[in-house]
Amino acid sequence: MHYTLIILCLAFASVSYSQEVKIQSNSSNTSLPYKLLTQAIERAGLSYSHPYNNFKDITDARMLNDLQNKQLDVIWSMTSRQLEEDYQAVYIPLFRGLLGMRVALVKAQNRELFSSVTSLQDLKHYTAGQGKTWPDTKILKANQLPVVTTLKYPNLFPMLEGERFDYFPRGVNEPWDEIANHSELDLIVEPHLIIKYTAPLYFFVNKNNLTLHQQLSDALNEMIDDGTFNAMFLADSQVQTVLSKANLSSRRVIELENPTLSSNTPNKNSPLWFNPFQ
């Protein structure tokens, strides 16, 4: 009888623990991945918590380590083959491919920096700034583009303003909010180029957390099927800014190869991807 009671108590504790999903951000996050994740968690009948009090000071390396050690249950990141080997990806591109369409933040005085850049060879004359552990850094370097790196994302903005590098490539959904958040710096979006490569942003869970992986996959696919995912995507303020401000049709496209992609990447013709040029 006592053994049965102990087993039941342990089982109940395990179920209760699994109901709360520890996610990488804080409750003030308004990003599309955060909204999609919390919606998926709620659809799966789970709850969530925010283990980081001051998320701005948390590095990517710290989050990956915490995911490995089960201090976190879910993060979102641009993928790489190595990430997919170390963690379990949910193979749904959260920004539907927009993250791999890059425009450059530059100092305002360098607005015409890329006015005569028409090829990858031309672009090699300029130095990009990136996070040291970001998958993008490997992609740029694999395409023989010069890169200056730092461990902390917030450092990149004053480094650009201080001319430590020439440009800061950002997903087309990102730079306008970043300019607003760093209004003390004289930064603008360069108007001439898109640097384009396949770069899906996925949710990742611990390799051993198969149940949560299945729950998130099921919930997200349900959201895709009933139109919720696309509605949230199109309603996102960053996506709306892209469609209204990026002037994609007037930009020259510089294509890069992404050697870090795995064979699990959704087919390029899949409706999971968004084509803003149409």
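Select Arg-43 and Asp-226 to begin: their side chains meet in a salt bridge, with N and O 2.8 Å apart. A salt bridge here is a side-chain nitrogen of Lys or Arg within 4 Å of a carboxyl oxygen of Asp or Glu. This pair links distant parts of the chain, since Arg-43 belongs to helix 2 and Asp-226 to the loop between helix 9 and helix 10, 183 residues apart. Helices (H or I, at least four residues) and strands (E, at least two) are DSSP runs, numbered from the N terminus.

The model is predicted: local features need pLDDT of at least 70 and side-chain atom pairs count only at pLDDT 80 or more, while totals for chains, interfaces and linings use all residues. Residues are numbered from 1 along each chain as its sequence is written, and side-chain values use heavy atoms, with hydrogens and water left out.

Colour the two residues by accessibility next. Buried means under 20% relative accessible area, exposed over 50%, and partly exposed in between (1.4 Å probe, protein chains only). Arg-43 counts as partly exposed because its relative accessibility is 29%; Asp-226, at 43%, also counts as partly exposed.

The structure holds 10 salt bridges. For another of them, select Asp-73 and Lys-22, whose closest N and O atoms are 3.4 Å apart. Asp-73 lies in the loop between helix 3 (60-68) and strand 3 (75-78) and Lys-22 in strand 1 (residues 20-22), so the pair ties together parts that are 51 residues apart in sequence. Both Asp-73 and Lys-22 are buried.

Two strands pair if DSSP finds at least two bridges between them. Four bridges join strand 3 to strand 11 (residues 201-205); select Ser-77 to find its bridge partner, Tyr-202, in strand 11.

Finally, display helix 10 (residues 228-235), where Thr-228, Phe-229 and Phe-233 are buried. They cover an arc of only 135° around the axis (taken from the directions from the helix axis to the C-beta atoms), which puts them on the same side of helix 10. The buried residues of helix 10 pack against helix 2 (32-43), helix 9 (210-225) and helix 11 (237-245), contact meaning heavy atoms within 4.5 Å.
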